[in-house]
Every structure is written in C-alpha cells, then in structure tokens.
Amino acid sequence: MGPSWYWMPDVFDRYFAYFGRRVDEFYDLVRLDPSYRVEFDQGPFDVPAGIPALAQAFESIEPGAGKALEAFLAEAKVKYDVGMGRFVNKPAHSILEFARLDILKDAPRLQLLRSFSDHVRKYFKDPRLIQLMEFPVLFLGSKPQTTPALYSLMNYADSALGTWYPMGGMHGIVDAMVSVAKDQGVKFHTGQAVEGIIDLKGKTAGIQVGGKTIEANHVIAACDYHHAEQHLMPAKFRRYDTRYWEKRAMSPSSLLFYLGIDRKLPGLKHHTLFFDTPFDAHAEEIYDRPDWPVDPLFYVCAPSVTDHSVAPDGCENVFLLVPIAPGIEHDESACERIFGQIMDRFEAKMNIPVREHIVYRRQYAHKEFIADYNAFKGNAYGLANTLNQTAFLKPKLKSKLPGTYFAGQLTTPGPGVPPSIISGQVAAGEILKSLGMKGPSEVVPIEQPAAFSAYQSVPS
Ligand SMILES: Cc1cc2nc3c(=O)[nH]c(=O)nc-3n(C[C@H](O)[C@H](O)[C@H](O)COP(=O)(O)OP(=O)(O)OC[C@H]3O[C@@H](n4cnc5c(N)ncnc54)[C@H](O)[C@@H]3O)c2cc1C
C-alpha cells in the first residue's frame, strides 16, 4: 500500500549482510527497464535503465543534454558516496560529529547551501528535463527551490543505481526481515499498539501494551516520532513541545486510490508519472497555500505489469497517488473531484474506458494515515528535506530518557525506505555501542558492500 520504488539496493544488501544473509535468498530483484514513464504534455517519455541509454534519450530532447547528464550524475555520485559513506550513518547527536577534518573537506562538494532548483538549471534548459530531475525532490518533501542541491544524490540513486522491483511485491522485503529477525530470536506482537514507554529511576524500564508491561532496558520507538514523543514518552522526558512540532515543515501527505481492474491495460508501464499539468501550481498547493489541488500531477503504479502474482489472470493491480499538503481537512468532494480528473487523464492516455473495469476501489488519505499509523498531520513521508531540518537539526535519534531511542523517517537520516532502514540500524548501533558491542556500520562498512558493484551496470 505504500512504497513501490525499490531504490538504493546497496542499503538492503548491507542490511541482510549484517546477518550473514543475501537479498537473493529471500526475493528475486528485477531491474525495471524502462525505469518509469513520464507523461508530458508533449507525449510520453520512457526513462531507460542505465546512464548511456538515458544520456541518449536526454540528447534527443535537448542537444548537449546527454553530456550534461553525465556531468550532473558524476557530481551526484560524489554526493551519494560522501553522503552514504560519511553522513547517513551518524547518529547526528550534535554538530561536532560533522566537524572532523575529512568530513569538513568534503562538505563543499555536498552543496548544502545551493538550491536544487538552481543546480538543475545549471545543466538543463528543457522544462521536461528539469521536471524529470526535480521529481524525486517533490515526492520527498519540499520544493526544489528550498531543497539543498545535496539531494541530487537522489538522481544518482534513480539514474545510476536503478529502479528495482522484488518479485512477489514490496511486502517481500518485510517478510525477509521478519524471517531474519525470527532467526535472531525476535518475538513479534502484531496488531497491538504500544500505549506508553515506561521509566524507572530515570531510566528506560519497558513499554506498556494492552494494559500489560513488557520490561526492557532499551526501547527503539520506530513509529511516527511525534506520536512516540508526545503521546508515549513520559511527559518529563519529552524534548520537544507543541510549538516545536507546529513549526516543523512536513513533507506531503498522499491521496491514494487503490484499484482492481478486471482487464489488462496494454501499454501501461510499471511506474508512470503524470507531469502533464503545471508543476509549480501543484507545488504551491502543497507547500505555500496548503489546499486540495486544482489540477494535480499524479503517479500511477501497476506492479501487475511486471509481476503476474499480484493480480488475478487478465487483471491489473493499480494505484494512483496524488501528493497533497499535510494537515489539511478531509474533503470528500475534493477527493471525488480529483479522482474524476486523474481518471480522465489516465483513460485518455490508455485509450480505454478504465472506470468501467474497476472491480475494487479503496481511497486513502490523511485521516487514514492518522488512524492507521498515528502519522503527525497525516504525513506520508516524514519531515521536509529542508536545510534546517537536515542531520543534527532533525528531531534527535536519542531521547532524553536514557535507554530509549527513536528511529524512522522523522529522525536522521530521513524519509524513504532505505533511509528509514539506516535509521533503525544507527539507533541499534547506539545501543550496541553502549553495551560495548559493534554497530551494523562497523560490521558491514559502507566501503565493502558485497553486491553493490552489481548495481552499477544494467543487466541485459
Ligand atoms: C504511499 C507511500 C508511498 C511511498 N513510496 C515510497 C517508495 O516508493 N520508495 C521508498 O523508499 N519510500 C516510499 N515511501 C516512504 C516510506 O514508505 C517511508 O519513508 C518509510 O516506510 C518510513 O518507515 P518508518 O519505519 O519510519 O515508518 P513506517 O513504515 O510508517 O512504520 C512505523 C510503524 O509503526 C506502527 N505504529 C504506529 N504507532 C504505533 C504504536 N503506538 N504501537 C505500535 N506500532 C505503532 C505503524 O503502524 C507502522 O507500521 C512511501 C510512503 C507512502 C506513504
């Protein structure tokens, strides 16, 4: 129901390598080619897998853009390597962690003070190419004008490392993690909400679940940070107050429509971005004047195009996602209007009356994110990736209650499945270190990811 883009496969590799396991023991990863389709006003643009093919496609839109792409990605690779190698595995307790000479030396190359928007325009002129390069930023939390150019590392993840898909569906990642955890002796209590984190004599003593206490010296609160801190943590150990949280810039929520279609949709791609309406107007409705969008861009995911196991024979499993401002009031008529608008555009591209073939429909937005996930303001992707909400300026990984840590998309390093996995590893590493043991990043250092090099090239 959530993540559908499997990016940064090296992060997943390292996660399983820590337990002596490999991704391919659990699921088959396929690289999508094209990685995705973008529907522009001028027609569709398929983003091919691999830099040489992508450079050629860029060149066909704007002379010189192929070389510009290579230069752009070379710079983005430096950010990815430095960011992943030196920054993301830091607990970010304080600025001092980033004050080491080798890190300071690399800092200018991260372009923290330049805007993403200016950075992209230095390389590309065609509005389609600009929009293409800016899309990962829009989905991950802030306008390109207010996002540091550092985040072009996302373009490197997209274009060079590729868009992958675990056959059987994204849930295969969860199943694999559960299996590894069970091997380690982990006991799961699913379907039960934690009601409180308990302290004794100023230290973590456990959690409260279903009115019962489970004793623990250490707790990692990996649910929505605001919920854990403001509702589960004993009041005297809360680091932040309501004013702090109200001032945070949240990344967008999403309006989702999950659809079952009782026929195949020829020509449909696994991922399609509908960028056939003005980008700036929609971005303003998310970030500047929060409201239900008048004419939104949207994204269509159809895993059944790649994987026949996720829909009955001859059918499609599809969801449509519209980024929406966080914290706005539910408005059923706006949701219905938007559904009509995006279905009109979807049907026009498919050249098929898709609505007639919908046999299942479920709508999901803020109120569901709040009810199901305790998500602050119904956020879908945590905090916006602005400069003043980066690294040690994010809500702290370590709580004021000794023994309790936070992890997940609202703390360091940030939103998305790979960063959230890293966040959990960093929190676990802090606990292990406090017990005199090595943390995940010391056991499987970034420099030696076993299968990482395999992702640099495109499989045939
Ligand atoms: C629609 C959508 C599409 C996305 N697409 C992508 C994508 O394609 N690729 C990508 O990398 N990322 C994507 N993301 C972002 C990514 O899913 C998140 O950044 C990531 O899952 C966050 O992980 P997390 O562990 O912080 O939180 P979550 O995955 O939300 O996990 C927190 C868990 O805590 C549980 N919880 C909450 N309160 C309690 C409580 N009191 N007691 C017990 N449990 C509780 C929740 O039920 C939830 O299961 C998407 C997100 C959404 C919503």
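This is a predicted model: local features need pLDDT of at least 70, side-chain atom pairs count only at pLDDT 80 or more; totals for chains, interfaces and linings use all residues.

Reader: What span does α3 reach from its first C-alpha to its last?

Author: Helix α3 runs over residues 65-87, 23 residues, and reaches 30 Å, close to the 33 Å expected at 1.5 Å a residue.

Reader: How do I read a nonpolar core?

Author: In soluble globular proteins, nonpolar side chains tend to be buried together. Here the largest nonpolar core has 106 residues, of which Leu153, Phe298, Val300 and Phe406 touch the most other members. Helix α3 gives the most to this core, with eight residues.

Reader: Which residues does Phe406 touch, leaving out those up to four places away in sequence?

Author: Among them are Ala221, Tyr225, Ala228, Pro395 and Ala427.

Reader: Which domains does the assignment give?

Author: The domain assignment gives domain 1 (33-162), domain 2 (192-248 + 381-415) and domain 3 (253-373). The centres of domain 1 and domain 2, taken over C-alpha atoms, are 31 Å apart. Their contact takes 16 residues from domain 1 and 15 residues from domain 2. On the side of domain 1 that touches domain 2, ten residues are nonpolar, six are polar and none is charged.

Reader: Why does the ligand lie between domain 2 and domain 3?

Author: Because both domains give residues to the shell around the ligand. Of the 26 residues there, Pro3, Trp5, Cys223, Gly408 and Val417 come nearest. The shell divides into 15 nonpolar residues, ten polar and one charged. Helix α14 (417-434) and strand β9 (253-261) each supply at least two residues, and α14 gives the most, with three.

Reader: Is Asn351 buried or exposed?

Author: Asn351 counts as exposed because it has 10 C-beta neighbours inside 10 Å. Asn351 also has a positive phi of about 60 degrees, although it is not a glycine. Its place is the loop between α12 (332-350) and β13 (358-364).

Conventions:
Residues are numbered from 1 along each chain as its sequence is written. A residue is near a molecule or strand if its C-beta atom, placed from the backbone, lies within 6 Å of it. Helices (H or I, at least four residues) and strands (E, at least two) are DSSP runs, numbered from the N terminus. Ala, Val, Leu, Ile, Met, Phe, Trp, Tyr, Cys and Pro count as nonpolar, Asp, Glu, Lys and Arg as charged, and the others, Gly among them, as polar. Domain bounds come from an automatic or database domain assignment. The expected span of a helix is 1.5 Å times one less than its number of residues. A nonpolar core is a set of buried Ala, Val, Leu, Ile, Met, Phe, Trp, Tyr and Cys residues joined through C-beta atoms within 7 Å. A residue is buried if 20 or more other C-beta atoms lie within 10 Å of its own, exposed if 12 or fewer, and partly exposed in between; C-beta atoms are placed from the backbone. Two residues are in contact if their C-beta atoms, placed from the backbone, lie within 7 Å.
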